[in-house]
Amino acid sequence: MHGEQHYLVGLDLTGKRVVVVGGGTVAQRRLPRLVAAGARVEVVSPEVTPAVQGVVDAGEAVWHPRRYAEGDLDGAWYVLACTSDPEVNAAVAADAERRRVFCVRADVAVKGTAVTPAVGEHDGLLLGVLAGGEHRRSAGVRDGLLAALRDGSLADHHDQPAGVALVGGGPGDPDLITVRGRRLLARADVVVADRLAPRELLDELPPHVEVVDAAKIPYGRAATQEFINTALVDNAKAGKFVVRLKGGDPYVFGRGFEELIACAEAGVPVSVVPGVTSAFGVPALADVPVTHRGVAHEVVVVSGHVAPDDERSLVDWDALARLRGTVVILMGVERAGAFAAALRAGRPGDTPVSVIQEGSTRAQRVVRSTLDSLGADVVAHGVRPPAIIVVGPVAGLAQELPPRP
């Protein structure tokens with residue numbers, strides 16, 4: 001086997017004409033990166049896939065709905081021949097070579113004058129890997145490099161981030177944190193962690209990283225918001241990069257915006273990394289889709305930290321009871337019976353309810369109930385926080401599923 005002989009180079013295609021001949025799945029895969037590079041993309045093909053049509057409809061590419069013709073490469077800087085017809089691809093490649101325009105031939109790569117590497121991005125880096133046409137090998141090496149960069153096992157001497165990052169850790173399973181969240185966590189000097197943040201991620205931190213406990217135990221001791229804000233600001237002003245690691249999403253009943261305000265008022269740079277909110281992620285893992293065609297056309301997420309009759313409540317429970325869709329209640333275990341009674345004012349007593357405790361973790365368990373039985377079932381099954389309560393027809397769909405292997 002001969003070695004890789006290609007000359008790997010980065011092309012500046014901004015504002016330059018790029019012609020893609022063919023509108024199938026290969027074109028569908030290549031268009032997003034070409035568009036992101038700023039190229040003026042023109043697609044020549046009698047038909048295109050719905051995804052390619054979407055790119056055209058968005059104004060990101062021009063489509064010529066016809067077969068390839070002589071002259072289509074005039075003024076082109078780069079060409080991709082990716083039809084299902086080898087004769088057309090050969091004609092495109094030959095025309096491109098006569099015009100001294102580099103051409104990728106998707107069906108027989110060695111007969112083109114350029115090849116597409118396995119490409120990946122990481123924090124401002126663009127990686128390209130060629131392996132002499134061994135596509136699985138190049139993709140595997142690319143994936144390995146990206147994984148090593150993301151988990152910190154491969155050194156990346158990029159400038160250290162500054163200030164504070166508010167990172168949503170997802171519903172509990174450490175694999176459900178976002179790629180960006182995990183990358184920033186690996187570069188932290190200080191981590192201010194919630195009780196519901198994925199605990200296993202803390203064990204992966206290097207020994208020099210300081211972990212600040214910002215736990216809020218339900219109905220028990222809790223770190224004050226003032227303490228948390230001070231920890232973020234003081235450490236950032238000391239020149240440390242601080243990750244505020246929160247469960248779920250920082251802005252879904254996570255007080256994330258309060259912390260952003262505190263940092264902004266102190267002149268501390270702050271960024272936000274959204275997370276998978278437990279309001280949607282946890283029900284999904286328990287076979288409860290919060291929406292389903294023909295069943296639920298709306299989802300309302302409610303904080304259950306105060307009772308329906310509490311003067312501090314900002315929820316219109318009467319209006320909520322009249323809705324027909326899905327209600328997701330967070331932090332509602334202690335007052336589950338009261339919430340059920342409030343919703344019972346406008347919904348049948350046999351409305352399905354699912355309660356998911358410690359969702360996404362090994363300790364996850366699900367209690368199926370109804371509005372009439374919710375209060376008693378929570379007590380009888382010893383449900384404790386953290387738990388998500390889902391009310392509505394979608395909560396009963398799991399019982400219709402056939403057994404799965």
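This is a predicted model: local features need pLDDT of at least 70, side-chain atom pairs count only at pLDDT 80 or more; totals for chains, interfaces and linings use all residues.
Visitor: Is Ser354 buried or exposed?
Guide: Let's start with its place: Ser354 sits in strand S15, which covers residues 352-357. Buried means under 20% relative accessible area. Ser354 has a value of 0%, so Ser354 is buried.

Visitor: Is the peptide bond from Pro385 to Pro386 cis or trans?
Guide: Good one to check! Find Pro386 in the loop between helix H12 (374-380) and strand S17 (387-391). Most peptide bonds are trans. The bond from Pro385 to Pro386 has omega near -5°, and it is cis.

Visitor: Is Arg100 buried or exposed?
Guide: Arg100 is in the loop between helix H3 (86-98) and strand S5 (102-105). Exposed means over 50% relative accessible area. Arg100 reaches 81%, so Arg100 counts as exposed.

Visitor: Is the phi of Arg255 positive or negative?
Guide: You will find Arg255 in the loop between strand S11 (242-246) and helix H8 (256-265). Arg255 is partly exposed, because its relative accessibility is 42%. Most residues other than glycine have a negative phi. Arg255 is not a glycine, yet its phi is about 60°, which is positive.

Conventions: Residues are numbered from 1 along each chain as its sequence is written. Side-chain values use heavy atoms; hydrogens and water are left out. Helices (H or I, at least four residues) and strands (E, at least two) are DSSP runs, numbered from the N terminus. Buried means under 20% relative accessible area, exposed over 50%, partly exposed in between (1.4 Å probe, protein chains only).
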